[in-house]
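Please open the model in your viewer and keep a selection tool at hand. The tour below moves from one selection to the next and says what is found at each stop.

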Amino acid sequence: MAPLDDAKPVAVPADDPSAASAAGGRFLKAIYVYEVPVRVWHWVNALAILVLSVTGYLIANPLPSQPGEASANFLMGYIRFAHFAAAYIFAVGFIGRLYWAFAGNHHARQLFRFPFWDRHWWGELFLEARWYLFLERKPKLYVGHNPLAQFAMFWVIAVGSVFMIVTGFALYSEGAGQGSWQDRLFGWVIPLFGQSMDVHTWHHLGMWAILLFVIVHIYAAVREDIMSRQSIISTMISGVRTFKDAEAPADEEQERPVKRTLPAG
Amino acid sequence: MATLETFYEVMRRQGITRRSFLKYCSLTAAALGLGPELVPQIVQAMETKPRTPVLWLHGLECTCCSESFIRSAHPLVKDVVLSMISLDYDDTLMASAGHHAEAILDEVMEKYKGNYILAVEGNPPLNQDGMSCIIGGKPFTDQLRKVAKDAKAIISWGSCASFGCVQAARPNPTRATPVHEVITDKPIIKVPGCPPIAEVMTGVITYMLTFDRIPELDRQGRPKMFYSQRIHDKCYRRPHFDAGQFVEAFDDEGARKGYCLYKVGCKGPTTYNACSTVRWNEGTSFPIQSGHGCIGCSEDGFWDKGSWYARQSDILQFGIEANADQVGTTAALGVGSIIAAHAAVSALKRAQHKGDV
């Protein structure tokens with residue numbers, strides 16, 4: 001299990017008590033959640049997804065024809081190169097991230113976990129969904145991801161990345177040729193889907209699934225930052241989660257008892 | 001039936017000199033992509049081995065495979081049919097008909113039990129007890145099962161036998177089924193294509209005769225020597241693809257300049273076949289060379305993958321004709337508008353409860 005000291009409060013509510021009491025018992029607390037490898041991976045992965053989506057779309061729907069001799073142009077070649085290069089970064093990054101799920105703190109594991117048998121977790125997931133449907137007055141506080149976010153991340157980023165890497169390398173193996181390591185590792189995917197055309201279609205749909213996630217992810221992050229009770233966007237830059245009020249985070253007591261300093265006033 | 005002569009004996013009987021025979025062996029080796037050191041092996045096989053009996057059955061098909069086969073130039077189909085193999089049953093090519101023809105089938109099956117090759121053109125329909133294809137008064141399915149039982153190996157000629165092709169396209173009312181789904185206990189060599197290239201067909205037979213074994217097959221059971229690369233990998237228009245020079249419409253400037261046909265739906269990048277190297281009709285041309293994209297006729301289910309003139313295939317599950325990008329854009333717009341509405345409500349709620357949280 002996770003080491004117990006990995007989420008040390010790094011900034012105890014030493015802020016000025018008058019402001020806290022004026023706001024009705026608010027206090028500030030900060031917990032170090034996302035370690036450096038997780039944050040670096042997040043932004044590298046985001047960039048890779050951007051490059052992969054743009055170039056991937058242009059591979060399926062190429063730009064207008066280039067003038068001049070074929071020997072003087074290599075546009076499609078460069079687009080495909082960018083796609084393959086970003087794909088390698090995406091795949092290597094994913095493997096690194098998977099390693100960090102074991103080496104890092106327990107928050108690093110959340111992306112790869114789907115607690116299907118945890119009734120309590122499902123309950124909180126529906127509560128979070130109700131908050132998004134404006135049926136709850138207040139969302140719960142979370143140090144890590146809320147269950148709804150975890151659900152989406154598990155299926156689209158953890159499972160979705162594996163799907164895109166496997167189908168992507170299967171398609172890449174067609175160019176790399178029979179007997180290449182890509183073919184030996186991933187070539188079986190093509191007959192599994194029926195034929196190469198189907199793998200292309202599914203790889204394409206996978207891109208759109210990830211893009212839908214990205215849209216919702218960015219919207220939810222911005223909205224949560226404004227409306228929920230903890231920091232979101234800055235956390236993925238600094239690694240530190242700050243809370244806007246005094247209640248205990250919903251996912252904290254399951255993990256460890258934490259000594260919290262209550263506001264003076 | 002007389003004892004089968006060897007290939008060499010037949011050739012000599014036909015007045016062919018040994019010199020011509022050796023030249024023929026070298027050419028065949030080259031056609032199969034074999035090195036010169038393997039020529040003696042071919043010579044030896046031709047001189048000593050008796051011709052292999054081949055039974056060629058026809059199920060639900062259009063005979064385009066046979067039409068292609070009889071146009072083989074290297075080796076000439078005359079040599080294949082009359083000298084190399086002993087084509088004992090092929091109801092479209094054989095002289096005899098009716099009971100006479102069917103009797104040969106039984107005779108060969110008995111005499112060469114476990115030693116004949118079964119070549120299947122077309123496929124068996126399984127619905128209505130196989131009544132959609134009747135050969136000699138009986139369902140083709142029965143004939144196929146009967147002949148397959150004692151065959152050494154099965155060659156699935158064409159996309160029909162290999163994958164189902166047009167008669168298995170949605171909704172497939174007769175339940176036309178590829179051979180490998182009906183016969184599961186025999187080695188099956190798939191030679192897909194609608195039709196397959198003539199030289200590929202005769203090449204597969206020559207290889208099996210020469211080396212007395214089935215050629216090395218890929219994951220989908222196709223001979224690697226002809227199906228290991230895509231049309232795209234050896235296409236002479238490939239430089240235009242890499243350069244980003246495409247035909248946008250069939251009568252535009254790009255089409256006249258011979259640009260890549262990718263945008264008008266060429267399936268070369270997803271189709272495994274030898275068209276761009278072996279070509280057709282004695283190596284004269286192939287579809288892309290004549291200005292039309294590849295339709296992917298040697299791929300599984302090519303009839304059901306949407307337009308031959310669009311790069312992306314349609315996703316039939318969505319009811320209307322839509323490809324992945326259309327589905328994706330629609331979903332993105334849907335989610336986008338939901339988010340806009342959600343953000344508006346959120347802002348309103350926040351304004352209502354200002355300072356609560």
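**A helical span in chain A**

Begin by selecting residues 81–100 of chain A, where the chain is 100% helix and 0% strand and the end C-alpha atoms are 28 Å apart; helices (H or I, at least four residues) and strands (E, at least two) are DSSP runs, numbered from the N terminus. This is a predicted model, in which local features need pLDDT of at least 70 and side-chain atom pairs count only at pLDDT 80 or more, while totals for chains, interfaces and linings use all residues. Residues are numbered from 1 along each chain as its sequence is written, and chains are lettered from A and ligands numbered from 1 in the order in which they are written.

The UniProt record, in an unreviewed entry, places the feature "transmembrane region" at residues 40–60, 81–100, 148–172 and 202–222 of chain A; UniProt positions are given in the numbering used here, feature names are shortened, and annotations may be inferred rather than shown by experiment. Select residues 202–222 of chain A next: this span is 100% helix and 0% strand, with its end C-alpha atoms 30 Å apart.

**Chain B as a whole**

Along the principal axes, the C-alpha atoms of chain B fill a box of roughly 100 × 50 × 40 Å.

Colour chain B by its domain assignment, which gives domain 1 (7–226), domain 2 (231–313) and domain 3 (324–357); such bounds come from an automatic or database domain assignment. Between domain 2 and domain 3 of chain B, the C-alpha centres lie 44 Å apart.

**The parallel sheet**

Select the open sheet of 5 strands in chain B, whose order is 2-1-3-6-7 with parallel pairing; two strands pair if DSSP finds at least two bridges between them. The edge strands are strand 2 (85–90) and strand 7 (188–191) of chain B, each of which pairs on one side only. Neighbouring strands of this sheet are turned by 25° against each other on average, direction ignored; axes are lines fitted to C-alpha atoms, for helices over the stretch in contact, and angles run from 0 to 180 degrees between N-to-C directions.

Which way do the residues of strand 3 of chain B point? Tyr116(B), Leu118(B) and Val120(B) point one way and Ile117(B), Ala119(B) and Glu121(B) the other way, and all are buried, a residue being buried if 20 or more other C-beta atoms lie within 10 Å of its own, exposed if 12 or fewer, and partly exposed in between, with C-beta atoms placed from the backbone.

Strand 1 (residues 52–58) of chain B pairs with strand 3 in the parallel sense over 5 bridges, and Leu55(B) stands opposite Leu118(B). Strand 6 (residues 151–157) of chain B also runs parallel to strand 3, joined by 6 bridges, with Ile155(B) as the bridge partner of Ala119(B).

Helix 7 (residues 140–149) of chain B lies across strand 1, strand 3 and strand 6 of chain B, at about 165° to strand 1; two residues are in contact if their C-beta atoms, placed from the backbone, lie within 7 Å.

**Where the chains meet**

Bring chain A back: the contact takes 44 residues from chain B and 36 residues from chain A. On the side of chain B that touches chain A, the elements giving two or more residues are helix 12 (238–243) and helix 15 (324–352) of chain B, and helix 15 gives the most, with 14 residues.

**A last stop at Phe250(B)**

Finally, select Phe250(B), which sits in the loop between helix 12 and helix 13 (253–257) of chain B. Phe250(B) is partly exposed, with 13 other C-beta atoms within 10 Å. Leaving aside its neighbours within four places in sequence, Phe250(B) is in contact with Ala255(B) and Val264(B).
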